[in-house]
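Hi,

Here is the structure I promised to pass on. My notes follow below.

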Amino acid sequence: MKKQKRQGEPLEEGMQASGQEMAVEIVEEKADQKTKKAGKKEKQKKEKKILEPQYYHSATNMQTLNYKVYYMKKLEKVFYFALACAVGAAVGYLFYGGIGKDAYGNPTILTYCMNVLVMAGMGILAGSKFLPIRTKQILNKRRRELNEQFRSMLEGLTTSLGAGNNVMDSFLNVREDLKMQYQEDAYILQELEVLIKGIEHNIAIEEMLYDFGVRSGNDDILNFAEVFRVSYRKGGNIRDIIQNTHSILSQKMEIREDIETMVASNKMEQNIMIVMPVILVALIKGMSAEFAGNFVTAAGIASTTIGVACFAGAYVLGQKILDINI
């Protein structure tokens with residue numbers, strides 16, 4: 001029996017050792033899984049933080065603009081945020097100011113605290129919501145200007161090519177003509193400057209145009225650049241291509257202008273309808289203090305909140321309906 005115990009002891013020790021090794025392996029596998037998950041999360045965070053640059057560098061090392069994005073400078077952000085914050089705080093105080101008054105209509109400590117909270121909350125909300133709206137407005141304005149300037153460039157190219165000039169000379173002539181039409185900081189003049197510098201450095205003109213089309217975020221410019229790139233080296237009729245592109249682009253812009261003229265009155269009515277509730281509430285509160293007290297009751301606060309939400313939803317829906325994409 002003693003010999004059996006002595007023989008069994010090493011087996012038990014071996015089983016314990018193998019069990020410990022398995023436990024260590026399981027712990028290590030779990031740790032590896034955790035580190036992998038943490039690594040994936042860090043990669044996802046890094047990918048989210050990577051933003052599309054606002055400027056690129058061309059083959060001639062000149063700074064080129066990315067028309068698809070716009071990042072406000074600090075002063076711009078502060079200005080627009082402060083402006084929207086002030087408007088939001090004023091509207092918030094107009095609709096929700098005076099909550100917590102006593103039975104005699106006198107303000108209490110709760111009233112002052114609620115006024116501060118309402119103004120701060122509405123101001124911060126308005127400022128944070130207005131910044132992306134303003135950014136979108138700037139981008140849309142930039143794209144419209146670029147589209148119009150590109151149409152002028154195509155018109156000049158068609159005229160120059162029709163006079164017997166080659167493609168290189170036509171771009172040079174167009175730049176000089178557009179300098180008399182636009183200011184020096186016009187987008188199309190900057191792009192022509194990059195294009196001509198590329199020609200001087202023996203860079204393919206079709207590649208420069210294609211780069212411009214990609215950065216523009218405009219389907220018409222990109223399509224023109226792709227057609228030009230395919231046909232230029234294969235002996236296509238560049239004059240007809242430019243003329244057809246100019247004709248199509250002009251028709252689209254004319255249709256857009258006609259639609260904008262038709263809906264201009266609707267946009268004005270929409271803006272008036274959004275401002276009218278604020279004016280009406282201000283008049284009511286200014287003319288009758290007793291009636292203004294109804295706004296700070298539970299029913300008044302609930303009805304005011306529902307009304308503001310309805311007007312905000314109607315404004316967002318109206319903006320989407322009146323947004324023209326051609």
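Is Lys252 buried, partly exposed or exposed? Lys252 is partly exposed, with a relative accessible area of 24% (buried is under 20%, exposed over 50%, partly exposed in between, with a 1.4 Å probe and protein chains only).

Before the rest, please note that this is a predicted model, where local features need pLDDT of at least 70 and side-chain atom pairs pLDDT 80 or more, while totals for chains, interfaces and linings use all residues. Residues are numbered from 1 along each chain as its sequence is written, and side-chain values use heavy atoms, without hydrogens and water.

Lys252 has a salt bridge to Asp220, with the closest N and O atoms 3.0 Å apart (a side-chain nitrogen of Lys or Arg within 4 Å of a carboxyl oxygen of Asp or Glu). Because Lys252 lies in helix H8 and Asp220 in helix H7, the pair ties together parts 32 residues apart in sequence (helices are DSSP runs of H or I, at least four residues, numbered from the N terminus). Asp220 is buried, at 17% relative accessibility.

Seven salt bridges turn up in the whole structure. Another one pairs Glu193 with Arg175 at 3.2 Å, N to O, joining helix H5 to helix H4 across 18 residues. Here Glu193 is partly exposed at 28%, whereas Arg175 is buried at 15%.

Glu52 is partly exposed at 32%, and so is Lys68 at 31%.

Best wishes

Definitions and conventions:
Helix = DSSP H or I, 4+ residues; strand = E, 2+ residues; numbered from the N terminus.
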